[in-house]
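I opened the model to look up a few points and kept notes as I went. The entries are below.

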Amino acid sequence: MVTQEASLLDEQADAERRLALREILTPGGIVLDVGANRGQFALDLLAVQKSQIFCFEPLPQAFAHLEGLKNLHPEITPIQMAVSNVSGETEFFVSEEDVGSSLLAPVANQTSQWLTPSSSGAISIQTTRLDDWFVSRDISNVELLKSDAQGFDGRVIESAGEFLSPDSIGAVLVELNFHRFYEGQDSFYGIIESLCTKGYFLAGMYRHYNRAGWLWWADALFLPDRKPFSTQF
């Protein structure tokens, strides 16, 4: 019964997230999907709005899947890189379930497959800062930055540098972790503070995951703290 209730809550939260994205995105607008994995979010988004989606994914197998999706959905542009606060080359920790792979090492003695290191261990990958990528692509404005970087999301957002402003990034959808999964992971309160000081406000939280009644993580939507979004004015 608990599983059925949780599933219904997930479906309701996903529907609320789609509704919110439908209201803030326009056809052809640019979306950055950081931590795209195999395109789960991109496909969900395309069902809502035909955005131009740049999918950042460093894992070779997941990236190959994204390239296959591009043949079916030309709106998707796969980029085989991770987003970091430093552009260059670094280690990437691969988990048994690749969705849990991260620039951060998982906390030891985890029981979940998505936090259990794979037999391949860490691999070498290319990284880019978002501000470097903006400049290299001659892009100055995107409608949405989505980040699901497995504990590294604060540094993903930080890497936007001077572009971290509602004038350049219209909205941010970021995974907040309320439980310690990775060594040195970014704090949820630090992410909230950094976005709020840059002119955003916390507009919604979706798909609250929990175990035994405790909150683990959730997707948080941040919108510009001004008209027509904020009720402050």
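**Entry 1, pocket.** Which element gives the largest share of the lining of the largest pocket? I looked it up, bearing in mind that this is a predicted model. The answer is β8, with three residues.

I then noted the volume of the largest pocket, which is about 730 Å³. Its lining is made up of 33 residues, and G35, V99, D148, Q150 and E175 are the closest to the centre. Two or more lining residues come from each of α2 (40–46), β4 (82–83), β7 (144–147), β8 (172–177), β9 (200–211) and β10 (214–224). By type, I have the lining down as 18 nonpolar, seven polar and eight charged residues.

I checked for disulfides and found zero in the structure. C55 counts as buried because its relative accessibility is 0%, and the cut-off for buried is under 20%.

Which residues of α4 are buried? In this helix, residues 130–137, I listed L130, D131, W133 and F134. These four are on the same side of α4 because they cover an arc of only 160° around the axis. The general rule for an α-helix is 3.6 residues a turn, so residues three or four places apart point the same way. V135 and S136 are exposed, on the other side of α4.

Last, I looked at what follows α4. The residue there is D138, and its phi is positive, near 55°.

Note on methods: Residues numbered from 1 in each chain as written. Predicted model: local features only at pLDDT ≥ 70, side-chain atom pairs only at ≥ 80, totals over all residues. Heavy atoms only, no water. 1 Å grid on protein atoms, 1.4 Å probe; cavity = no way out; pocket = protein on both sides within 12 Å on 5 of 7 lines; lining within 4 Å. Points joined across faces, edges and corners; volume = space filled by probe spheres on them. Nonpolar A, V, L, I, M, F, W, Y, C, P; charged D, E, K, R; others polar. Disulfide = S-S within 2.5 Å. Buried < 20%, exposed > 50% of the residue type's maximum accessible area, 1.4 Å probe, protein only. Arc of directions from axis to C-beta.
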